[in-house]
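Here are some notes for a colleague opening this entry. Please keep the structure in view while reading.

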Amino acid sequence: MNEASLKELGLWPLWQLKDVAQATPPANPAQPDNRDHLRQGAHDRGYLPHLKAQGGAYFVTFRLADSLPQQILEALRQLPPEAQTARVDEYLDAAHGACSLRDERVAGALRNILSKYDGERYRLHAWAIMPNHVHLVIEPLHDFTLSDVLQGIKSASAHEANRLLDRQGEFWQRESYDHLVRDDDDMARCCRYVQDNPVRAGLSASAEAYRFGSAFEQPSRLLAGGVACATSTRSEEISRMDWQALQRSVAGCVACQLAKTRTQTVFGVGAPGSDWLFVGEAPGAEEDARGEPFVGQAGKLLDNMLSAIGLKRGRNVCIANVVKCRPPGNRNPETEEMEACAPYLARQIELIRPKLIVALGRVAAQRLLASDDTIARLRGGLHDYRGTPLIVTYHPAYLLRNLPDKAKAWQDLCLALKTMQDMQSTETPDHKEP
Ligand code: URA
Ligand code: SF4
C-alpha cells in the first residue's frame, strides 16, 4: 500500500512512526519473521484491507457463520469500500440467521472469555455482544498479535457455545473485519460506536442498560490514552431524562435480572405535577400482565383507601413502585434489583415533584428513607425524602391479611391528608416553581 492510499485512510504519518525497529521482539525467536505481516503493514483478506500496527488498537467485528450469507456478502463487495462496512453492519444489526448470541448462556460465556485475558493478552476498550455478531475495540498487549487474540477468543467461545447449544460445526465466520484505530478521536468514536450499537439496533434504550456490552459493566471507563469514553454513566443519563424518555427507557430496560422474567415493565400511573405520590414495592402478577401498578386485590384496597380521603388514581395522584418489573413468584425485590432500578424512581420523583410521598409497606419505606427500621417504628411520623415530606403506612397486601391494622392505616392516611391540607393552606399561589 502506498503513501497516498495510507493518507487517504488517515493512517499517515502514524503508520510511519510504527517502526519495525521499535517493535517488541517476538517471544519465540525461532519464528522471528513469519508473523510480522500480522503486526505491521497491510494485507488484503477480504472485503477491506487489514492494517496492522505494533502497539495499536483495533475496531473489530466478527460474526456468526450463518449471519451473512455468501451471496449477500458478494453483493456488498460490489459497493465502494467506504460503503461496505456500514452496509455490512446494517445487515448484521437486522439480525438474520439463528442469532445464537441471543441465548444469554452463550453471550455470558463469551463475555467471560473476553474478560479472562483482558489486561493480560489484550486490553479491551469497548465491546458489545450483538445477537449474531460481536464488536470490540481491542489492543493486543506484549507480543500478542491481533490474529492471536481473535483466534483465541473465537475458538474458546465457539467450543463453549457448541457445547451449550448441543451443536457442532463452524460457529463463527472465519473472517473478521478490523480497522486500526488512528488516534484518540478515532478511539473515542469507535468506542462510542460499539457501545451504542445495541441502542441503534433497537435492543436497548441506552448503552448502559445493555447487559452484554462494556457500557453496562463499566459505564465510565477511561481509555488507555486518558480519553474519557463519550458515554456517561447509566444513572447520569437517567437523571437527565424527561418524562417520555424515562418511560421509553424503563420499557426497554434490561439492567437487572428481572427483565428476563417480566411480561412487561410497570412504569406507574399519573402525571408530573401531581401533589400525591404513592410508592409500592414491585408489580405482582396482574400488574405484570396489564402494565399498571396496583390493579390486583391489593390495588382494589389501595383505590378504596384513596377514595376514603377523596383521592383517585391518576387525578393529582401518581402511583409507582420501587422496581418496575415483577419479581418471580412475587418474592421481595433483591438489593441489586432495587439498586439497578433506583435511578428510575429517583427521576420519577424529581419530575413529578409531589408535595407528599406515601410509602406503602416496609420495602418502599426502607428504600426511600435509606433505613433499616421496622414499619412499626417508621409509621406515625413525618419523614423527609430529599426535601419532600414522606409518610409511611402499611402495604395494602399486608392489610388484606391483617385486618385489625386497617385502623392504623386509617390514622396514617388521616395524617397524610392533614399534612397535605396544612401545606396547601400555607401555600402562596406561586409556591410551586414552574
Ligand atoms: N404490590 C405493589 O407493591 N405494587 C404493585 O404494583 C402491586 C402490588
Ligand atoms: Fe430495569 Fe428496573 Fe426492570 Fe430491573 S426492575 S429490568 S432495573 S426496569
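1. Start with Val279. Val279 stands opposite Ala320, a residue of strand 8. The model is predicted, so treat this pairing as part of a prediction.

2. Strand 8 covers residues 317-321. Strand 7 pairs with strand 8 in the parallel sense, and five bridges link them.

3. Now turn to strand 9, residues 356-360. Strand 7 also runs parallel to strand 9, with four bridges between them. Leu277 has its bridge partner there: Ile357.

4. Is strand 7 buried or exposed? Five of its five residues, 276-280, are buried, so strand 7 is largely enclosed by the rest of the structure. Look at each face in turn. Trp276, Phe278 and Gly280 lie on one side, and Leu277 and Val279 on the other. Both faces are covered. In a regular strand, side chains alternate between the two faces of the sheet.

5. Next, ligand 2. Which residues come nearest? Of the 14 residues around ligand 2, they are Cys253, Cys256, Cys325, Ala340 and Cys341. The shell divides into 11 nonpolar residues, one polar and two charged.

6. Two helices each give at least two residues to that shell: helix 12 (258-261) and helix 15 (335-352). Helix 15 supplies the largest share, three residues.

7. Last, the whole protein. It has 19 helices and 11 strands. Of its 434 residues, 40% are buried. Among contacts between residues at least 6 apart in sequence, 69% join residues at least 24 apart.

Definitions and conventions
Residues numbered from 1 in each chain as written. Chains lettered and ligands numbered in written order. Predicted model: local features only at pLDDT ≥ 70, side-chain atom pairs only at ≥ 80, totals over all residues. Buried ≥ 20, exposed ≤ 12 C-beta atoms within 10 Å, placed from the backbone. Contact = placed C-beta atoms within 7 Å. Near = placed C-beta within 6 Å. Nonpolar A, V, L, I, M, F, W, Y, C, P; charged D, E, K, R; others polar. Pairing = 2+ DSSP bridges.
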